[in-house]
Amino acid sequence: MPAQLTYTRPRELLLSCLAHPSLVINLSEIEWDMLLPLTRHSKLMGRLAERLIQLGIFNRLPARVQDHLIGSMRLTEHRQRMVLWEINRLERALKTSGTTVLVLKGGAYILARLSAGSGRLLADVDILVAHNDLDTIEKLLLSQGWEAVQLDDYDEHYYRAWMHEIPPLRHRDRCIEVDVHHTVLPVSSRYKPNPELLLTEARPVEGCQFKVLAPCDMILHSAAHLFLDGEFVNGLRDLSDIDLLLREFSQKDSRFWTRLLHRAAEMKLTRPLFYALRYTRRMLKTPVPRRAVVAAEFYSPGRRMARIMDALFERALMPDIPDVNDRWTPLARRLLLMRSHWLKMPPALLAYHTFRKSVKRWRPSAPK
Amino acid sequence: MRIAEFSSDALKTRLHTSGLYTQTGPFKIRIKSNSRPFIESLRFLYADYAVLDRQLADFHVALELQTNYRRWFHPQVLFKIDGKSPFQPFPNELSPPLFEWGLNWCIGTRAHHYLMLHSAVLEKNGKALILPAHPGSGKSTLCAALALSGWRLLSDEFGLIDTKSTCLVPIPRPIALKNESINVIRKLFPQAAIGPSFPKTRKGTVAHVRPSIMSVDQMDQPAQAAWIIFLKYKASSPVVLEPFDKAQSLLRLANNAFNYEVLGKQGFQLVSALVRSCQCLWLSYGNLEEVIERLDALDVTGYASTIDVHSA
């Protein structure tokens, strides 16, 4: 680890500071000038700020840098308050239903008091319920003030027939969106992890009747979305989530890596796990033991393909701002989006979907 | 060095290439632009602003002409922060008001290390006056009138409250006048430095008043709030200035803040501290000259005599 940093490339600067936050103490004002927008557009400024406080070095930073970090912490705390309140309201609304509800992603990290929850910026609440309970829960929410976001007939049908969640709900008095999932990935996806496995392994949390995913499942769920969805608006934040979860769980449980690999096979999510371990290691220097790396290598798409995927993911996972983009970034993003559609739908459905969407694009004023 | 000391060409070159570093209140800004109307208005409205060396900028903003086919017959300009554009493009001739809105948006969405009131703030003899915005209040008109009558302008848009000292932090930017108030101010203060009018914006016609050199030079000097005055403009009505209930004031001021909810408990503490330490007043007025006189007297006589004046 170098003692003094002189960065000219924004990419290296951002990734080193995320991997080793204590290094920021040596940054010059000009380097901070480069770093602040990078962390902000990665949605990681709040997280970095909280980690610098935990490391006890926040007060040694330049005053104007502290101002930016404080501002982002206030915003993160506010979003977390709103999300926790929404979860509280959902609990109340579903109290008598006798259903099992799991909170996913950011909300879960906060509820379970994981390090990935501290300073985590989030915008909505995602919950997972058993497919059998879906109707009950949707009706209960619709009867208690939540409203479905208006969609046209095709999108509504698409959600209901092929997606892993129902159209988003929002309470009429509040601005937090609630996504109700009934499985991990779109129903039409080539990957078909069994949601029953997630529900049976779910863990209780203190102070909330809702549950969260078991440690390994949390990582696999996050990895599945990050590496199969094709959208990277929050790419680096999600990669950082996985990094922190891996670090925390592997410290708490000596058999964690074995469990994780085993669970990935059980959930049929070995390829996303391979990518998760590869890019957390390559980009955020996550300490993964050698034997786990070797074992995960078994799920690689092949050496040549992996190198191509490196070129794509390592571009798309960075924040989308001119400072870090190179001439190939737009192409990398486009290819990954196409790949995600290819994985999400069988060819016939994909052709039909693309046709419907392009008709809509050319007739934007078509009646709903 | 001040912005006005640049020749038009030198300013243009600076904004085209490395960007211009300047400071508005606590924020340092790096500006790049190739939009001619904006460059001209910057030279006029921000004439007294200091030119800084390259350093940590709180906001990297740019007003960039779009390079698509439209540029040949109807050029459009994009506001960018950190190289990304949060808004739709505007017609190039509206780039000066776009810059003001864009910068307001940047501050309002990011500077949560302050409590940000949506208020005009002016100061006299070390005491600050907060004029919270409310539709139809005539906040900017009164703000411009006071700023042109010897009050120091802290801000027309942002009451930035320092979270530790509860002081008001100045951010003396151009005052945005709308529609009829442009001519009212022109008539009353013929000496006022007012930029060109921009018709057909979302808010009607807009023109900007340049902040005085005194306000700009004292932008590093915060002021303690003494009065919070809720305004109501009513054409040709007499000036009425009376005490306003503190509990009501607290609710109104909380509603007026851009980021009251974001700050949570701290937001409540700051707003209540302000309301407790200030004199909260209600003002309805129809005549600017008269109201300026009354507010000038407020500075000398304070709150107690205000009540006397009203009840007498």
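Buried area is the accessible area, taken with a 1.4 Å probe, that two parts lose on being put together, summed over both. In this predicted model, the area buried between chain A and chain B is about 1,900 Å². Carbon and sulfur atoms give 54% of that area. Three residues, D33(A), R64(A) and R74(A), supply 30% of the area that chain A buries against chain B, more than any other three residues. In terms of contacts, 21 residues of chain A meet 20 residues of chain B.

The polar side of the interface was examined next. Between chain A and chain B, 12 residue pairs are in polar contact, with both residues at pLDDT 80 or more. The rule finds 1 salt bridge across the interface. A salt bridge joins the side chains of R64(A) and D58(B), with an N to O distance of 3.0 Å. On the side of chain A that touches chain B, helix 2 (29–41) and helix 4 (63–94) each supply at least two residues. Helix 4 of chain A gives the largest share, 10 residues. Sorted by class, this side of chain A has 9 nonpolar, 4 polar and 8 charged residues.

Chain B contains an open sheet of 6 strands in the order 3-1-2-4-5-6, with mixed pairing. Strand 3 (51–52) and strand 6 (90–91) of chain B each have a single partner strand, so one side of each is left without a neighbour in the sheet. For strand 6 of chain B, pairing with strand 5 (residues 76–81) is antiparallel and runs over 2 bridges. Within these strands, Q76(B) stands opposite P91(B).

Terms used
Residues are numbered from 1 along each chain as its sequence is written. Chains are lettered from A and ligands numbered from 1 in the order in which they are written. This is a predicted model: local features need pLDDT of at least 70, side-chain atom pairs count only at pLDDT 80 or more; totals for chains, interfaces and linings use all residues. Side-chain values use heavy atoms; hydrogens and water are left out. Contact means heavy atoms within 4.5 Å. A salt bridge is a side-chain nitrogen of Lys or Arg within 4 Å of a carboxyl oxygen of Asp or Glu. A polar contact is a pair of N or O atoms within 3.5 Å; within protein, one must be able to donate a hydrogen and the other to accept it, and residues adjacent in sequence count only if both atoms are side-chain atoms. Helices (H or I, at least four residues) and strands (E, at least two) are DSSP runs, numbered from the N terminus. Ala, Val, Leu, Ile, Met, Phe, Trp, Tyr, Cys and Pro count as nonpolar, Asp, Glu, Lys and Arg as charged, and the others, Gly among them, as polar. Two strands pair if DSSP finds at least two bridges between them.
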